[in-house]
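Hi everyone, thanks for coming.

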Amino acid sequence: MSVQSVAADVDVDLRQLFASLARNWLRILVVTLVVTGLAFALTWLATPHYRAETRLLIETRESVYTRPDGTNDNDKPILDEEGVTSQVEVVSSTDILKQVAQKLNLSRLPEFDETADMPMLSRLLVIAGLKSDPNEIPPEERVLTKMREKLNVYRVEKSRVIVIEFSSENPRLAAEIPNAIADAYISVQGNANIESNSAATDWLAPEIADLSKRVKDAEAKVASYRAQSDLLMGGNNSVLATQQLSELSSELSRVRANRASAEATADSVRRALQNGGSLDAVPEVLSSELIQRLRERQVELKTNIADLSTSLLDNHPRIRALRSQLADLDRQIRNEAEKIMKGLMTQAQTAQARENQLVADVNTLKAASARAGDQQVELDALQREATAQRQLLESYLTRYREASSRKDSNYLPVDARVFSRAVAPSEPYFPKILPITTAAFVGSLLLMAIVTLLQELFSGRAMRPAAGARFERIEQVAMPVAHEPSNHEPADIEDVEDRAAEAQAEPEAAAAAPATSPATGEDVKSARPTLGEVEIDKAVEELITTGAARAIFVSPEGDEAAASSVLVAREVSDAGLRVLLLDLTASGAASRPMLDSGLFPGITNLLASEAQFSDVIHPDLYSDCHVIPVGTADPVRAMRAADRLPIIMQSLTTAYDLVVVECGPADAQGINRLVGEGTEVFLSLLEPNDEVAQAAIELIESGYPDLTLVTPVGYETPGTPVPGRRSAA
């Protein structure tokens, strides 16, 4: 809750506020009926407008039967949001609108070309120069301008649907034009596809011819290089030298294995013969048929010796003969083993010779294969180039055949279709008489009610004292009546001094007067001494006549004399000027009675940077005057920024016609920073005395010779208390 709402001592009287609606019901009703009648008349006389729309769907129209080979549904282009928006611009393009305008001959209709049937009033305005001549604009441009005003093309959000909306005074045209625009768009897109296809075929034909020649040349280079390099191809699509090298390597490995096996077998037979070991462990010996027969004979002899040993002695001739035969068989077996060993040695030597020959052949083929490898790299490069050219030629041929077939059959589907055509509307979309009239009635009724309530609030009639608000009693002091001076010119120093001397003797005479005969108001006024001061109305007249922008009030007598600034501010405000009173007194003597509170933020808050101008300016409760009170901030802190007062005064004088400043008992030095262009200085007094005279003399001597003395005594207005010793009205 703001400081103002807490500190204010007035509330809004809701009963009084809303009672103003009942008091002003006739005015509200009359204005409402007048506005409603005007709205009804305008809608009744307005030309009806009809609106129709055609809807396009952007989609791929290719089918599985007409789609080119090598493509599928995933390859088709899908328009994104930007693509569909671009198609919206194509639909509303100038070329399409021109086609539709020419097809429907819209230039002959006054709705699209006002020169077709220009009213006499328009012709007169053109002749008088009050209206531009439409004939100066080309007819096509006039028609296109009107069409764009009535056309609305947009994309349905989050879809690929384009809406073509058109309004016209003729319901038939409202449907024909969007349909014609949609047909023209599809025709333009089809023609664009045909042109693109024709351009493709025209480009592919010379490219194919050039590629055919390049493919033939590349293949000829491959054949020529193969013949020159003698790169004969063997099995498995490899060079003959490489294949022979592989075969010889395999043969060399086999010969080496046979030689190693023969040498190992011969070595094992030799060791067996030398060491007298058994030859039965050597497979080659056992595989000999002669040795097998000898072994069989040897077994048979051993069997006979064993049979005869049972009956004969060892020296028996027969046993000895058998043992002699057995020894001869052993010699034959060893001789046969030696022959086998020699055969194995010969076989190993033969394998060694074969191996040496194969190694020489392999080395020769290695060199030939290395040369063939280098030549094969060059040949492969030529073959890749020929293959790439051939594949590109085949793809171009395929595309050319497809493009040619589509061109011959004139089949090029457009990626858009009309799925909702416009029909002639039966009812106009404008004007809607009943809704417009109802809205005018309700709106004018609410507006007049709001205006009436605001007038009641701003006039102050809807305000009442807040609950619990207390107003201090204002002590009234009987003041002697001042004599009217012969003129209202500012008093000079000598006149002030003379009247101050007269004022010193006046209290003694007043004290000697009989107490039993109270003086009337006229008697007091005639008996009151003066220092040449003027009354409130004269001060107001002076400010208005001179057009002053600032009025500085000095009150040497303190809070009691601050009533002058309040009364002057209110009177000038009642005269129709924008007036603001700035209270610079310490006690808030000027602003407190105007706001009925001293808790509002004011000049100290502004100087202390705790508030802005809009927070410290308040309306006077009893007039149209505005007030900046003393405020609630720390005065010591506020006075540190006193240098800002000239800037604040300049801002206030810019916003208001007159700024009244109540300075209290200030001296000439204190008001220096408040004085500016168009400033009038006033000295407010209640009773002419030495204090007032001395203050006036000091101000005049300090550079304010045009000082004007003003008194609030004897001047009363409704709602303003009489000045007292402790408060000011």
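Let's start with helix α7, residues 139-150: its twelve residues, at 1.5 Å each, should span 16 Å, and the end C-alpha atoms are 17 Å apart, so the two values agree. Please keep in mind that this is a predicted model.

Which residues of α7 are buried? They are Arg-142, Val-143, Leu-144, Met-147 and Lys-150. Looking at what covers these buried residues of α7, we find, among others, α5 (94-104), β3 (151-155), β4 (161-168) and α8 (171-229).

Now on to the sheet. Here we have an open sheet of seven strands with mixed pairing, and the order runs β9-β10-β8-β11-β7-β12-β13. At the edges are β9 (618-619) and β13 (708-710); each has a single partner strand, so one side of each has no neighbour in the sheet. Elsewhere in the sheet, β7 and β11 are paired in the parallel sense, over four bridges.

As a reminder, in soluble globular proteins nonpolar side chains tend to be buried together. In this model the largest nonpolar core has 34 residues, and those with the most contacts inside it are Ile-603, Val-661, Ile-671, Leu-683, Leu-699 and Leu-707. At least two residues each come from β7 (550-554), β8 (579-583), α19 (603-607), α22 (645-655), β11 (658-662), β12 (679-684) and α23 (690-701). Which of these supplies the largest share? That is α23, with five residues.

Let's zoom in on Ile-671. Setting aside neighbours within four places in sequence, Ile-671 is in contact with Ile-552, Val-554, Cys-663, Ala-666, Val-681, Leu-699 and Tyr-704. Apart from this core there is another one, of 30 residues, which includes Val-84, Ala-101, Leu-173 and Tyr-185.

Last, the cysteines. How many disulfides does a search of the whole structure find? The search finds zero. Is Cys-625 buried or exposed? Cys-625 has 0% relative accessibility, so it counts as buried, the cut-off being under 20%.

Definitions and conventions
Residues numbered from 1 in each chain as written. Predicted model: local features only at pLDDT ≥ 70, side-chain atom pairs only at ≥ 80, totals over all residues. Heavy atoms only, no water. Core = buried A, V, L, I, M, F, W, Y, C linked by side-chain atoms within 4.5 Å. Buried < 20%, exposed > 50% of the residue type's maximum accessible area, 1.4 Å probe, protein only. Contact = heavy atoms within 4.5 Å. Disulfide = S-S within 2.5 Å. Pairing = 2+ DSSP bridges. Expected span 1.5 Å × (residues − 1).
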